[in-house]
Amino acid sequence: MVEFGDLISAAGEFCLYQKVLVLLLSLPLLITPFQMVGQVFMVVDVPHYCNTDWIRAVGPNLTEEEQLNLTLPRDADGEYEQCTMYSPVDWDLDSIRAYGLNATEKCSSGWVYPTAQQPSLLTEFDLVCDRKDLGDISQSLSMVGLLVGGMIFGPLSDRIGRRPVLLISMLGQGLFGLAIAFLPNFILYVIFRCIMSTAVSGILITTLPLATEWVGVSYRSTAVLITHCFLAAGQLILAGLSYGIRNWRLLQIAGSAPMFALFFYFWVLPESPRWMVTRGKIEEAKKYLKKAAAINKRTIPPELLDQLKCETQTKTGSILDLLRKKHLLKVTLVMACAWFVDGLVYYGLSLNVTGFGLDIYLTQFAFGVVEIPGRISCIYMLRWFGRKKVQAVLLLVSGLMCLIIVGIPEDQAVAITVLAVIGKFAASASFSTSYVYAAELFPTVIRQSGVGLCSMAARVAGIIAPLIRLLEQYHHAIPMSVYGGATVLGGLLSFLLPETSMVELPDDTGTDNPQKRNKLQSLSKTDSEEKEINSENKV
């Protein structure tokens, strides 16, 4: 029986066909960061105060300054209150001027935004004062959408294939992302954004198996991390796009419409032949392999393709195998923990790195710049040191940076920022490592189910990371202590995982040890070679 890795080697492990495929998988990821964090630029706080046009009924000729003086109280700094107004009265203008107003109430007729030049999500839906938390709620619900996407598209990809799930997810992100720009109220905005995030999750977790199942063993990490570099580059694009377009509806269109330029994927995006083999679709898998070999100017020996028939006996898998089989249960629990703390420290640091002294657009640009070397460095670290050590050490470094920040005085903003940037570098690199590692640990028949489950753990962390920040009101050190302590624990647990570097991807749930699997493959190949030699000697 031929190993699938032998067919990939014969067709070309990382030649022209695979390089074009990785590029195709990377292009949607340039748009994805906008859908995940683009709302940050739509709810930028601006000066505002209560709408008090009621006084115009008795004083139509009042100047704007006179109107504000008569109808708005001032705070301790002498500035107009943003969320409070004097209660309207039925007096004439002279009485109001003579006696003044004393009773106050919350804004009852909306708000005025004197400096707003372009409509933003905040100004159009009045996400200020008592409604200010709605922006954070919307962001949390968006993360819930990512969580639901992991639950749906992971198992679905194992059942119907990687290609259709990726195409459906791209279409969903494009349609719902574009529709958001035309919604009339905030409730619909939240609903559509949650659905769109579900599609985003499908893209994130489906590009992973297509990138790993089409390339050779030594190029798996390179393929995945190249796609992650495009994800980091998308954050740079987001910074420039949001800086140039301040109208939130136009910004939403600009961040969503490019997905429709990729409609040609329907004709050019291939299915994973490895997945096809596990589903018994041998002839279709052969066609894809032959096409890849032809584009790579390689030839697959016919006897290798004939032996592929034996793979039809590969057992199908179920997500329940992750719980029933002891070795898969251990891998699932530890890997889910690693993804959880990855998400916790990544979003925790992103929310706390505020010491740059830059405006929000330059800060976002800095975040993207930090991530690019983090993602690129993984390509070499994984090649030199393996998966397990890199995963564990990066988590430990990221967690230790958070714990060290706890001991730094709050007035040392520069030192805190430097430590936070180092932590974010390690966190982004650790996230990329987790994607590569998970794809290699789970068998093909349930790979997407396993990765989807891990992705769910990361999304849960994304939901609760902002909530942990609320503990700062009790003591400023609590959030960073939680982020750091949990991440250090996750790093230590990662040492329990098996090493998968230079090991052939598992197809079924039978083999419980990558090293053992490699030895069995080597013995099988040795036996086959001995039989060939014996038959030649007889002749």
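1. Overall make-up. The model is a predicted one, and its chain holds 23 helices and 4 strands. Of the 539 residues in the chain, 52% count as buried. Where contacts join residues at least 6 apart in sequence, 79% of them link residues at least 24 apart.

2. The largest nonpolar core. This core comprises 92 residues, and those with the most contacts inside it are L7, L289, I300, M335 and W339. Helix α20, which spans residues 413-441, gives the most to this core, contributing 12 residues. In soluble globular proteins, nonpolar side chains tend to be buried together.

3. Surroundings of M335. Once its neighbours within four places in sequence are left aside, M335 is in contact with Q391, S434, Y437, A438, L441, C454 and L497.

4. Helices α18 and α20. Helix α18 (residues 360-385) packs with α20 at an angle of about 50°, their axes being 8 Å apart, and this angle makes α18 oblique to α20. The crossing of the two helices, α18 and α20, is right-handed. On the α18 side the contact involves F367, V370, E371, P373, G374, R375, S377, C378, M381 and L382, which meet V421, K424, F425, S428, A429, F431, S432, T433 and V436 of α20. By class, the residues of this contact between α18 and α20 divide into 11 nonpolar, 5 polar and 3 charged.

5. Helices α18 and α19. The axes of α18 and of helix α19 (residues 387-406) come within 7 Å and cross at roughly 125°; α18 and α19 are therefore oblique to each other. Here C378, M381, L382 and F385 of α18 are in contact with R387, K389, V390 and L394 of α19, and the residues of this contact comprise 6 nonpolar, no polar and 2 charged.

6. Helix α4. The buried residues of this helix, which covers residues 64-71, are Q67, L68, L70 and T71. An α-helix has 3.6 residues a turn, so residues three or four places apart point the same way. The buried residues of α4 pack against β1 (49-50), β2 (84-86) and α5 (93-99).

7. A buried loop residue. V215 belongs to the loop between α9 (186-213) and α10 (220-244), and with a relative accessible area of 6% V215 is buried, since the cut-off for that class is under 20%. Not counting residues up to four places away in sequence, V215 touches I8, E13, F14, Q18, R220 and A223. The C-alpha atoms of V215 and Y17 are separated by 9.7 Å, although these residues are 198 residues apart along the chain.

8. Backbone values to look at. The loop between α6 (121-124) and α7 (133-160) contains D126, whose phi is near 55°, a positive value in a residue other than glycine. C129 is found in the loop between α6 and α7, and C129 has a positive phi of about 55° although it is not a glycine.

Key: Residues are numbered from 1 along each chain as its sequence is written. This is a predicted model: local features need pLDDT of at least 70, side-chain atom pairs count only at pLDDT 80 or more; totals for chains, interfaces and linings use all residues. Side-chain values use heavy atoms; hydrogens and water are left out. Buried means under 20% relative accessible area, exposed over 50%, partly exposed in between (1.4 Å probe, protein chains only). Contact means heavy atoms within 4.5 Å. A nonpolar core is a set of buried Ala, Val, Leu, Ile, Met, Phe, Trp, Tyr and Cys residues joined through side-chain atoms within 4.5 Å. Axes are lines fitted to C-alpha atoms, for helices over the stretch in contact, and angles run from 0 to 180 degrees between N-to-C directions. Angles under 35 degrees count as roughly parallel, over 145 as roughly antiparallel, 65 to 115 as roughly perpendicular and the rest as oblique. A crossing is left-handed if the near helix is turned anticlockwise from the far one by less than a right angle, and right-handed if clockwise. Ala, Val, Leu, Ile, Met, Phe, Trp, Tyr, Cys and Pro count as nonpolar, Asp, Glu, Lys and Arg as charged, and the others, Gly among them, as polar.
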